[in-house]
Amino acid sequence: MTVAQLISFARGAPSLDIVDVEGLKAAAVRAFDADPAGVTAYGTSVGYPPLRQWIADKHGVGVDQVLVTNGSLQADAFLFDYLVKPGDAVVVERPTYDRTLLNLRQQGGDVHAVTIQPDGIDTDELRKLLESGVRPKLAHIIPNYQNPAGVTLSLEKRRALLALAAEYGFTLFEDDPYADIRFRGEPLPSMLSMDEHGVVVHASSFTKTVCPGVRVGYLVGPAPLIADIAKRATNLYISPGMVAQAIVHQFCVSGDLDRSIATVRAALGERASVLAASLREHIPGVRFTEPDGGYFLWVEFPEDVDVDKVLPAAAERGVAVVKGSDFLMEGGRHALRLAYSAVTVDQIDEGVRRLAAAVQAVRG
């Protein structure tokens, strides 16, 4: 049997048709023309200074509160390495980004997973955990269009988390790469912008709004914390990639970033809507929260569908997905994460049909 051309719902990356390649090429030329010395030098561990200033202005903070890194995953790693020692308690969402789990476990953190609801993490469950005596160093929260669950943290819960962090003395790590990829509804304020007690460290990235290949992310936090992490960054790599950061800076200041965000929003909004409709049509009994933005949709199947069996059956039919158990310390045997960002509209329905056939095959 010949395997059909692969349709992949596995990777959270934009398809090439929604990447502004021409804009990036032009930004690269401008970067080298405008600042050849800065682009080609080692630079500084805090990042390319003009981009650092642009990020500070975007978030309304001092420039000394910003560290620009090689992707937001490195920003995460710097913060985890700085705050979390073996045995330290940390809080994550259940489910959460698989690499967050991996990195925190590698740090030796004592990971406590708190249930996600349609409006974000269960803050009552978190309060009970804190009242039981658990004292986390940090709580990792993905507030907008969460990876993998696709849900958005409500304003009420943002306020509740800030209050809990202040009361119990932990860092609220706001991991927010998807905020600008909103299809519908009104944007909610970041917890960073609402923080009156200096408890928030915010991370974001240009991966989802420009392209993954630039590998530019950043941390925003209290200036002393940023200065300490910058010293570690100096020892690790002297400086991050100045060329990529200078290109991103030119892309931002030219207005290309805003145009790119509009393109990505429109394309992914359509893809998410088509995916939700296809799932409802082809896989009876499936449950999911249709996202208001971002890259991902979390699918829960009835108890008689074991995704460990679905994955190979789906692969045989030419469709790739990621099993839910990758995003949980335990459980997830009946769940999948579907990334619609790299799948064009004309592929989505066919991909879901193949997935439905795989599900039917394992049900027998």
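Leaving aside residues up to four places away in sequence, Leu297 touches Pro148, Leu275, Leu279, Phe288, Thr289, Pro291, Leu336, Arg337, Leu338 and Tyr340. The model described here is a predicted one, and within it Leu297 is placed in strand 10, which covers residues 296–300. Because buried means under 20% relative accessible area, Leu297, at 0% relative accessibility, counts as buried. Between Leu297 and Arg99 there are 198 residues of separation in sequence, while their C-alpha atoms lie 18 Å apart in space.

Two of the residues that Leu297 touches, Leu275 and Leu279, also take part in the contact that helix 11 makes with helix 13.

| Helix pair | Axis distance | Angle |
|---|---|---|
| Helix 11 (residues 256–282) and helix 13 (residues 345–363) | within 9 Å | roughly 30 degrees |
| Helix 1 (residues 21–34) and helix 10 | 8 Å | about 110 degrees |

Since angles under 35 degrees count as roughly parallel, helix 11 and helix 13 are roughly parallel to each other, and their crossing is right-handed. On the side of helix 11 the contact is made by Glu270, Arg271, Val274, Leu275, Ser278, Leu279 and His282, and on the side of helix 13 by Val345, Ile348, Asp349, Val352, Arg353 and Ala356. Sorted by class, the contact of helix 11 with helix 13 holds seven nonpolar, two polar and four charged residues.

Helix 1 and helix 10, by contrast, are roughly perpendicular to each other, because angles of 65 to 115 degrees are counted in that way. Helix 1 contributes Gly23, Leu24, Ala27, Ala28, Arg30, Ala31, Phe32 and Ala34 to the contact, and helix 10 contributes Val243, Ala246, Ile247, Gln250 and Phe251. By class, the contact of helix 1 with helix 10 has ten nonpolar, two polar and one charged residues.

The nonpolar cores come next. The largest of them has 50 residues, of which Leu172 and Phe206 touch the most other members, and its largest share, six residues, is supplied by helix 10 (residues 242–253). Not counting residues up to four places away in sequence, Leu172 touches Ala139, Ile141, Leu161, Leu162, Ala165, Met191, Val199, Val200 and Val201.

Note on methods. Residues numbered from 1 in each chain as written. Predicted model: local features only at pLDDT ≥ 70, side-chain atom pairs only at ≥ 80, totals over all residues. Heavy atoms only, no water. Axes fitted to C-alpha atoms, helices over the stretch in contact; angles between N-to-C directions. Helix = DSSP H or I, 4+ residues; strand = E, 2+ residues; numbered from the N terminus. Parallel < 35°, antiparallel > 145°, perpendicular 65-115°, else oblique. Left-handed = near helix turned anticlockwise from the far one by under 90°. Contact = heavy atoms within 4.5 Å. Nonpolar A, V, L, I, M, F, W, Y, C, P; charged D, E, K, R; others polar. Buried < 20%, exposed > 50% of the residue type's maximum accessible area, 1.4 Å probe, protein only. Core = buried A, V, L, I, M, F, W, Y, C linked by side-chain atoms within 4.5 Å.
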